[in-house]
Amino acid sequence: MEERGTAGPVPAGAHRGPGQQGTSHRARGTGSSGAGADAPARAVTRTLTTDPLGGTVRRTVLPSGLRVLTEAIPAMRSVSFGIWVGIGSRDETGSLSGVSHFLEHLLFKGTRKRSALEISAQIEAVGGETNAFTTKEYTCYYARVLDADLPLAIDVMCDLVADSVLDPADVETERGVILEEIAMHDDEPGDEVHDLFAQAIYGDHPLGRLISGTEETITPMTRRQIQGFYRRRYTPPTIVIAAAGNLDHTTVVKQVRQALRGTPLDTEPAQPGTPRPAGTPVRTLPARTLVERKDTEQAHVVLGCPAIDRLDERRFALGVLNNVLGGGMSSRLFQEIREQRGLAYSVYSYASQYADSGVFAVYAGCAPGKVDEVLELVRAGLAEVAAHGITETELARGKGMAKGSYVLGLEDTGSRMSRLAKGELLYGDLLSVDELLARVDAVTAEEVNTLAAELLARPMSLAVVGPFGEGDFADVEPA
């Protein structure tokens, strides 16, 4: 299951200051740490927001540096509970590519207290569900249960994240599962083309690698290497625990502390981690074309360029621009390519944003014989907006889509839990729903058009998966 950064119009947790492609456990960021004299000796709690569209959000920093955020929503009868670790595939060395995802699988295989069967059976016995996913900058483990069963979910999820045994036999079993997952991914060209595009933009940089790793890196990976990564990287300052639903914050904090007592996450006092620093912008490669030849019935193409990072204040303008270009059925590209010409079933644009980089891209799936025409129309559509901007009507529609999708996306406890965790882990701050809507409302046509003129005029890289060879696009000049 892919999580493409800010595929939606507004980041899930937005930051007040200037400024996820993911692989799931079943379907198929570095927080800083450090103990010191000024590390908290006791838990520190404060109320962040009291949201009229939701509930009260509270945050507690434990002495270990681990953070707990909750949103109490009394009207709900369920709770979503997640453990978010600020470590993802970009934190891996080349030889350990895929270790974060490998570890994500292994943590469900058993602890000192529970077998793999007991982990799943205890949650399923109360009608709950568990899952996990790995992205390039963080990993998430979560459960959704009835409110009365939250203590069980806390105990099980904290146990598996903090105290997995990584049995050698399980390592070998999951190695086979992951190799099958990689092979399955290779059979899904609509997903593969996005990975090929990331490679075109970032090359050998960790942001350009597969989250799952490759057969060449997974096959020789040892249990000792995985265990070392686990214990070095999964430390309290890198971890954010978030929960949303019918709950009591003080009780949740107490139950988390109890569940972690005596585990490797029961550590000496330390300062909590901070959002992954932006640092020097990631070096991207000159615009180029990468082609993966496959005898598919459909051609899959992604055309795009480097864009802005997630703390850039222009991210709200980018969300509106994305909606206008390819964010829905009323978007320019969808109307032109699918509705008016019938050249593609699926066509959309998206933006993925990281701490120090980002991309903007357009995807289309079409018959191989129509790929040239589709690419020509995409390039022409981007050039038109770069040169002449968007209309006031499109601005209003793009902002309305952004606000509507954001609010409607918070109608369940899982989305609200994710919002808390991403706000803390990725932004170090949490805007209320009203504040976010105000930021979208404040976007002007001039801001969008200025960003479009800068972004869409950049040379574009092209990734193609389909029945083609490199020579079929040799005469395509970067736009």
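Me: How many aromatic pairs does a search of the whole structure find?
Reply: Happy to start there, with the reminder that this is a predicted model. Two rings count as a pair if their centres lie within 6.5 Å. Searching the whole structure on that basis, the number of aromatic pairs is 11.

Me: Phe133 and Tyr138 form an aromatic pair; is it stacked or edge-to-face?
Reply: The two ring centres of Phe133 and Tyr138 are 6.4 Å apart, and their planes make an angle of 75°. Planes over 60 degrees apart fall in one class, and those under 30 degrees in another. The pair of Phe133 and Tyr138 is therefore edge-to-face.

Me: Are Phe133 and Tyr138 buried or exposed, and which cluster do ring pairs link them into?
Reply: Phe133 is buried, and Tyr138 is buried as well. Ring pairs also bring in other residues, and the cluster they link consists of Trp84, Phe133, Tyr138 and Tyr142.

Me: Helix α1 and helix α4 pack at what angle, and are they oblique or perpendicular?
Reply: Helix α1 covers residues 99-106 and helix α4 covers residues 168-186; their axes lie 10 Å apart, at an angle of about 120°.

Me: Which residues of α4 does α1 meet, and what classes make up the contact?
Reply: From α1 come His101, Phe102, His105 and Leu106, and they meet Asp170, Val171, Glu174, Arg175, Val177, Ile178 and Glu181 of α4. By class, that contact has five nonpolar, two polar and four charged residues.

Me: How do α1 and α7 pack: roughly parallel or roughly perpendicular?
Reply: Helix α7 spans residues 223-233, and its axis lies 10 Å from that of α1, at an angle of about 90°. Angles of 65 to 115 degrees share one class. The two helices α1 and α7 are therefore roughly perpendicular.

Me: Which residues in α7 meet α1, and how many of the residues in the contact are charged?
Reply: On the α1 side are Val99, Ser100, Phe102, Leu103 and Leu106, and on the α7 side are Ile226, Phe229 and Tyr230. By class, the contact of α1 with α7 has seven nonpolar residues and one polar residue, and the charged count is none.

Me: How many residues of α1 are buried?
Reply: The buried residues of α1 are Val99, Ser100, His101, Phe102, Leu103, Glu104, His105 and Leu106. The helix is largely enclosed by the rest of the structure, because the buried count is eight of the eight residues.

Me: Where is Leu166, and what is its phi near?
Reply: Leu166 sits in the loop between α3 (150-162) and α4. It is buried, with a relative accessible area of 2%. Most residues other than glycine have a negative phi. For Leu166 phi is positive, near 50°.

Me: How do α9 and α12 pack, and which residues in α12 meet α9?
Reply: Helix α9 (residues 315-326) and helix α12 have axes 8 Å apart, at an angle of about 110°. The two are therefore roughly perpendicular. Val320, Asn323 and Val324 in α9 meet these residues in α12: Glu394, Leu395, Gly398, Lys399, Met401 and Ala402.

Me: Is Glu394 buried or exposed?
Reply: Glu394 lies in helix α12, residues 392-408. Leaving aside residues up to four places away in sequence, Glu394 touches Val324 and Arg332. Its relative accessibility is 10%, so Glu394 counts as buried.

Me: Which residues does Asp147 touch?
Reply: Asp147 is in the loop between β7 (139-146) and α3, and at 14% relative accessibility it counts as buried. Not counting residues up to four places away in sequence, Asp147 touches Met76, Arg77, Ser78, Val79 and Asn246.

Me: How far apart in space are Glu292 and Ala463, C-alpha to C-alpha?
Reply: Glu292 lies in strand β9, residues 289-293, and counts as partly exposed at 32% relative accessibility. Its contacts beyond four places in sequence include Val464 and Val465. Glu292 and Ala463 are 171 residues apart in sequence, and their C-alpha separation is 8.0 Å.

Methods
Residues numbered from 1 in each chain as written. Predicted model: local features only at pLDDT ≥ 70, side-chain atom pairs only at ≥ 80, totals over all residues. Heavy atoms only, no water. Axes fitted to C-alpha atoms, helices over the stretch in contact; angles between N-to-C directions. Helix = DSSP H or I, 4+ residues; strand = E, 2+ residues; numbered from the N terminus. Contact = heavy atoms within 4.5 Å. Nonpolar A, V, L, I, M, F, W, Y, C, P; charged D, E, K, R; others polar. Phe/Tyr/Trp six-rings, centres within 6.5 Å; stacked < 30°, edge-to-face > 60°. Buried < 20%, exposed > 50% of the residue type's maximum accessible area, 1.4 Å probe, protein only. Parallel < 35°, antiparallel > 145°, perpendicular 65-115°, else oblique.
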